[in-house]
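I am opening a notebook on a structure that is new to me, and I will write down what I look up in the order in which I look it up.

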Amino acid sequence: MCKRDIKKYTDANREAWNEATLKHQQARAEKNKNLKEEFSQKGYSSLDKYETAKLKEIGLTGKRVAQVCCNNGQETLSLVNLGAESAVGFDISDEAIKEARELAKISNLNCEFVRTDIYDIGEEYYDSFDLIYITIGAMGWMPDLNRYFSVVSKMLRTDGYLVIYEHHPFCYMLATNREDGFEPDDPLKIIYSYFRTEPWVGNDGIDYIGGTKYESKTSYDFTHTLTAVINSIAGNGIRIKEFTEYSHDISLGFTEHEKEGKVPLSYILVGVKE
Ligand SMILES: C[S@@+](CC[C@H](N)C(=O)[O-])C[C@H]1O[C@@H](n2cnc3c(N)ncnc32)[C@H](O)[C@@H]1O
């Protein structure tokens, strides 16, 4: 996809994510979830047991890490609380980065946050990181996965790690529990094509925290097959070292689907820059 077409989607998503971030803040307040309080505690981490175990096995100590599509930075800050020497979080949303900077100030950690479209990250961040983390609902926002991993690969130092904890592409065939097509008696019903190429156009919001729908700015997200994920990583000089599939949900969208443990809903991929 050419840069101009990518921008058409990512510029719109910037607006949609600014709007959604404010909704998320409101939803957290209603649930009495206070991130400022949590990140004022020494060593606080919002990462779950699967990602924590994998990151500890790889070892964060002494590493300069980055998170691309970091949203409000809670995972980026957690990486430093789990031992990373320093971290940089990148995200397109002005509101998310504003919140991330506030949390960084409160937690007093060695963390920097940059508002940028991932596709615009330039030379100043090339060859800079020992580990890049991508997690929970980030890759679906990328109109062009190959260009995305081209940027990620350039940001990694040789022998640096790429760690991804994401929705399994199998999820793209299912309706989430907040979609009209969702059938509570048959949550695993295949509804969408695994090979869909056109973008999903969203106009009812991205409130996965509060679960509300609202008339929103238009957002665009994308289906990426496992083939596309693997080839985009390997094709950009990152050797895939490990790939592990799980049956648990990593968002609040597939809670009913995970109950039977029958289908892959998430995965961890570890790669190394050659
Ligand atoms: C579902 S969040 C994933 C982040 C994190 N795992 C979380 O749950 O908070 C997706 C993030 O990707 C960001 N994003 C979407 N498109 C982007 C782009 N082109 N460049 C940088 N960030 C982008 C959004 O602003 C949003 O914060």
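**Around the ligand**

I began with the shell around the ligand, which by class has eight nonpolar, six polar and three charged residues. I keep in mind throughout that this is a predicted model. In total 17 residues surround the ligand, and the closest are Trp17, Cys69, Asn71, Ile92 and Gly137. I then looked up which element gives the largest share of this shell, and found that helix α1 (residues 3-30) does so, with three residues.

**The sheet**

Next I traced the strands and noted an open sheet of seven, in the order β3-β2-β1-β4-β5-β9-β8, with mixed pairing. At the edges stand β3 (111-115) and β8 (238-246), each with a single partner strand, so one side of each has no neighbour in the sheet. Direction ignored, neighbouring strands of this sheet are turned by 15° against each other on average.

I went through some of the pairs one by one. Strands β1 and β2 pair in the parallel sense over five bridges, and within this pair I noted that Gln67 has Gly89 in β2 as its bridge partner. Strands β4 and β5 also run parallel and are joined by six bridges, whereas β5 (residues 156-167) and β9 run antiparallel and are joined by seven. I found Tyr161 in both of these pairings, as the bridge partner in β5 of Leu131 and as the residue whose bridge partner in β9 is Val272.

I also checked how enclosed two of the strands are. Nine of the twelve residues of β5 are buried, so β5 is largely enclosed by the rest of the structure, and β1 is likewise largely enclosed, because four of its five residues are buried.

**Helices against the sheet**

I then looked at what lies across the strands. Helix α3 (residues 49-58) lies across β4 (129-135), β5, β8 and β9 and runs at about 165° to β5, while helix α4 (residues 74-81) lies across β1 (64-68), β2 (86-91), β3 and β4 and runs at about 170° to β2. In helix α6 (residues 145-155) I listed the buried residues as Leu145, Tyr148, Phe149, Val151, Val152, Ser153 and Met155, and I found that the buried residues of α6 pack against β1, β4, β5, α7 (226-234), β8 and β9.

**The nonpolar cores**

The largest nonpolar core has 59 residues, and those with the most contacts inside it are Val65, Ala66, Val68, Ile132, Val152, Leu162 and Val163. I followed Ile132 and, not counting residues up to four places away in sequence, found it touching Ala66, Val68, Val152, Met155, Leu156 and Leu162. Apart from this core lies another, of six residues, among them Phe170, Tyr172, Phe254 and Leu265.

**One glycine**

Leaving aside its neighbours within four places in sequence, Gly271 is in contact with Leu162, Ile233, Ile238, Arg239, Ile240 and Lys241. I also compared its place with that of Asn71, and from C-alpha to C-alpha Gly271 and Asn71 are 23 Å apart in space and 200 residues apart in sequence.

Key
Residues are numbered from 1 along each chain as its sequence is written. This is a predicted model: local features need pLDDT of at least 70, side-chain atom pairs count only at pLDDT 80 or more; totals for chains, interfaces and linings use all residues. A residue is near a molecule or strand if its C-beta atom, placed from the backbone, lies within 6 Å of it. Ala, Val, Leu, Ile, Met, Phe, Trp, Tyr, Cys and Pro count as nonpolar, Asp, Glu, Lys and Arg as charged, and the others, Gly among them, as polar. Two residues are in contact if their C-beta atoms, placed from the backbone, lie within 7 Å. Two strands pair if DSSP finds at least two bridges between them. Axes are lines fitted to C-alpha atoms, for helices over the stretch in contact, and angles run from 0 to 180 degrees between N-to-C directions. A nonpolar core is a set of buried Ala, Val, Leu, Ile, Met, Phe, Trp, Tyr and Cys residues joined through C-beta atoms within 7 Å. A residue is buried if 20 or more other C-beta atoms lie within 10 Å of its own, exposed if 12 or fewer, and partly exposed in between; C-beta atoms are placed from the backbone.
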